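Keep the sequence and the 3D view at hand as you read.

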Amino acid sequence: MSQYAFGLDEKTVVIRLRTAAGDLQCCNLYYGDRACRKTPVEFTKIEMRRLYTTEDFDFYEAIIENCYKRLCYYFELIDEKESLLFYGDQFEHETVDDRSEYFQLPFNHRADIVSVPEWAKHAVFYNIFPDSFATGKRFISGKSTEKEWNGEITRGLLGGTIKGITENIDYIKGLGANAIYINPIFVAGEYHKYDLLDYYHIDPCLGTNEDFAELVAKCHNEGIRVVIDGVFNHCGWRFFAFDDVVRNGEKSRYRDWFYGLKFPVIRPDDPEAYPNYECFGYERLMPKLNMENPETKEYFCNVGKYWIENFHIDGWRLDVASEINDEFWREFRNTVKKANPEVLLIGEIWESANHWLDGTMFDSSMNYDFRRHCKRFFAEEKDDAARFNERVVNMLTRYRSQTIKVQLNVLDSHDVSRFLSVCGESIENYKLALLFQMTFPGMPMLFYGDECGLTGIIEKDYRRPMQWNKKMLLTDYIKTLISLRISHEALQVGNFEVVAAKQNSRVYKYRRCLKKENILVVINMDNNMVSLNSSEMNGTVLLSEKLLDGKIGGKGFAVISE
């Protein structure tokens, strides 16, 4: 199964077809029971709905309810001149008796149906880089720290702590966020905590395991879910197993825990040197783990389970997920889902993540494509509405319907320049990007400080300390957007329909639909005024900027309940 044919549940199947844009007047699906005892197979006809249109393609979809477990199917393609049948990867004029000629969905198996945690469909995330966020209530010290852990030194740069997060949960809740994702918090040498020494303890620069238990309990009391960072592609070069390899060489019982070792293993002093062991990139502090090794695999699956069973976290964001073998992720998923089936698994995958989102590995991925497309349309203003829409539709059709609802849509993160900076610090452009993020399918994620207009192009700047004393430039606006999203289920899980996206235009209109609720969003990225049509003006305006007498000014918007 794929994003073009998949089960929504055991009785409902989705079938899609992509055609050249404007090529067809109508498209019909014919489906039948591939195991029926009659020849020829009896087919049922259903007209397919044109789901999306871009400059190059039309996407059609049919949802079959009370469906056969086993399907064979074909398409009837109708244009102005003729009608053709499409099956067996070729065009025909007639059907055949041989059912094996048709497209097949062999069995709509329960185990193959993608199922995601229900709570995640309604999540709005606030991402915290712990060293940079808070030392106490509305306060960060900005001071570096050093602590000792089992003879090794761990470091903090800006003074953020777990208690600091706990003391500001009321602030996060006040924004409207109902989930937090925290970058690494386990014992590690450097301030970023991606060079891990101990996967079972909180880094002493950040606090203690007891501090973390208190944080999770407080979040849950406030209705906030907690997702933490799992760094399993690599560890730190002082991690006990790697240290043993350095000391004992080929005789080390942990030699198979690591990938690409050459003996003797030497930790180079020069930070620019290329190590003689595989690393994350070429970073000498982060040797790559070998998850093919059964002992290593078991160790890290147990880590995943430990923080769920003992601290009741709600999910894992999984670092460098695309560089780890699939077998490990399947076993990791099985292990943690047994501990709690509602745990959310988010893979850090910067490219198309289809391979990892078939229901056997992750529930979601960090949607950096979302950022890239928004960057071209809202920040750099390179794309017109038609080109932007082509990118948007690509995001919406590359995955199954269930997955789209829980993609983690990012504008900012700890790995990229602040989006406000990419916008040339244009508040108008940034506000339109935030509006799109909060009204688009998937889980929107804010990075700490977005609400107070933090900027930064390079790492030390975009990871700068939270500006607690700075004027909260966008706080009220972000609160309003989150409240709008949470108040309307259509904005959380409704269908996405494109209303207008024309060439040489920078006006993008789309609709979110669920049952009887239709919400229209009109974004004017042009500098000129645009007029709403009469039907749009008849709706109830839920939120707007620069809307007056049915006209939206440049860099303005309207959100309308129809």
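Glutamate 61 and arginine 16 meet through their side chains in a salt bridge, 3.0 Å from N to O. A salt bridge here is a side-chain nitrogen of Lys or Arg within 4 Å of a carboxyl oxygen of Asp or Glu. Glutamate 61 sits in strand β6 (residues 57–65) and arginine 16 in strand β2 (residues 12–20), so the bridge ties together parts that are 45 residues apart in sequence. Helices (H or I, at least four residues) and strands (E, at least two) are DSSP runs, numbered from the N terminus.

Are the two partners buried or exposed? Glutamate 61 is buried, at 9% relative accessible area. Arginine 16 is buried too, with a value of 9%. Buried means under 20% relative accessible area, exposed means over 50%, and partly exposed lies in between (1.4 Å probe, protein chains only).

## How the model was read

This is a predicted model: local features need pLDDT of at least 70, side-chain atom pairs count only at pLDDT 80 or more, and totals for chains, interfaces and linings use all residues. Residues are numbered from 1 along each chain as its sequence is written, and side-chain values use heavy atoms, leaving out hydrogens and water.

How many salt bridges does the structure hold? There are 47. One of them joins lysine 137 to aspartate 170, with the closest N and O atoms 3.0 Å apart. Lysine 137 lies in the loop between α1 (130–133) and β12 (145–149), and aspartate 170 lies in helix α3, so this pair ties together parts 33 residues apart in sequence. Lysine 137 is partly exposed, at 47%. Aspartate 170 is partly exposed as well, at 38%.

Arginine 463 and aspartate 415 also form a salt bridge, 3.7 Å from N to O. Arginine 463 is in the loop between α13 (459–462) and α14, while aspartate 415 is in the loop between β23 (408–410) and α11 (419–422), 48 residues away. Arginine 463 is buried, at 7%. Aspartate 415 is partly exposed, at 30%. Elsewhere, shared partners join Asp229, Arg317, Asp319 and Glu348 into one network of salt bridges.

## Helix α14

Helix α14 covers residues 475–487, 13 residues in total. From first C-alpha to last it reaches 18 Å, close to the 18 Å expected at 1.5 Å a residue. The expected span is 1.5 Å times one less than the number of residues.

Which residues of α14 are buried? They are Thr475, Tyr477, Ile478, Leu481, Ile482, Leu484 and Arg485. The buried residues pack against several elements, including α3 (169–175), α12 (427–439) and β29 (540–548).

Key:
Contact = heavy atoms within 4.5 Å.
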